[in-house]
Amino acid sequence: MAKDKAEYYVAGYRFGTLEDAKQAQLEQKKAAYFEDRLSKNNEQNMLAVYDKILDEKIFVTPVGWDFLKKLQEELRLLGIEEERIRPIPMYVTFFHGEEGKADTPVRDRIKPAKRRNTEKNKLRLSIMINGLLFILVLAMFYITLNGSNPNILNYKKAILNEYASWEQELTERENAVREKEKELEIE
């Protein structure tokens, strides 16, 4: 699926994003404002405005740099010494490779992180979890076998013990009743 890339043109430059194009349009308006307000006769005022524009970093796109270049030329024509005219600073990087070498493609510059020995770590984690689960199962069997409540493992034994206790209790009561009958001489 091909993406439609919009192209944004401002003052003979094509920008890749809308934000850059808007910034360039804004700088074009600022340059026009400075053109109208700037006195071309007073070289000291022009130099002061030029230095202030550089200090404030007002222009960051090629549209603004064109205006600064034009302003530099006008200052030279007015007789300002070359040493007093500051160079236009570029706040962007144009070359991203190492010094002296050709620019390398992004694919070669970005290297994946070293892979850790994930298989060994997964095995270790699996063994620890299985050990913990085995201990929990043993604890459940211990509690089940030694508990007093009847469950699926000891229900037969629990029911037999309960019936045995009832039988013993009935036998004891029967014996008590027979003794009372003998005392009272009832047959």
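Student: In this predicted model, what share of the contacts between residues at least 6 apart in sequence join residues at least 24 apart?

Tutor: That share is 52%. A pair counts as a contact when heavy atoms lie within 4.5 Å.

Student: What makes Glu74 a buried residue?

Tutor: Its relative accessible area is 19%. Buried means under 20%, so Glu74, at 19%, is called buried. Across the protein, 16% of the 187 residues count as buried.

Student: Where does Glu74 sit, and which residues is Glu74 in contact with, leaving aside neighbours within four places in sequence?

Tutor: Glu74 belongs to helix H3, which covers residues 62–77. With those neighbours set aside, Glu74 is in contact with Glu35, Lys40 and Met46.

Student: Good, now the overall layout. How many helices and strands are there, and in what order do the elements run?

Tutor: There are six helices and two strands. Starting at the N terminus, the order is β-β-α-α-α-α-α-α.

Student: How do you know that the span of helix H6 agrees with its number of residues?

Tutor: Helix H6 holds 30 residues, 155–184.

Notes. Residues numbered from 1 in each chain as written. Predicted model: local features only at pLDDT ≥ 70, side-chain atom pairs only at ≥ 80, totals over all residues. Heavy atoms only, no water. Buried < 20%, exposed > 50% of the residue type's maximum accessible area, 1.4 Å probe, protein only. Expected span 1.5 Å × (residues − 1).
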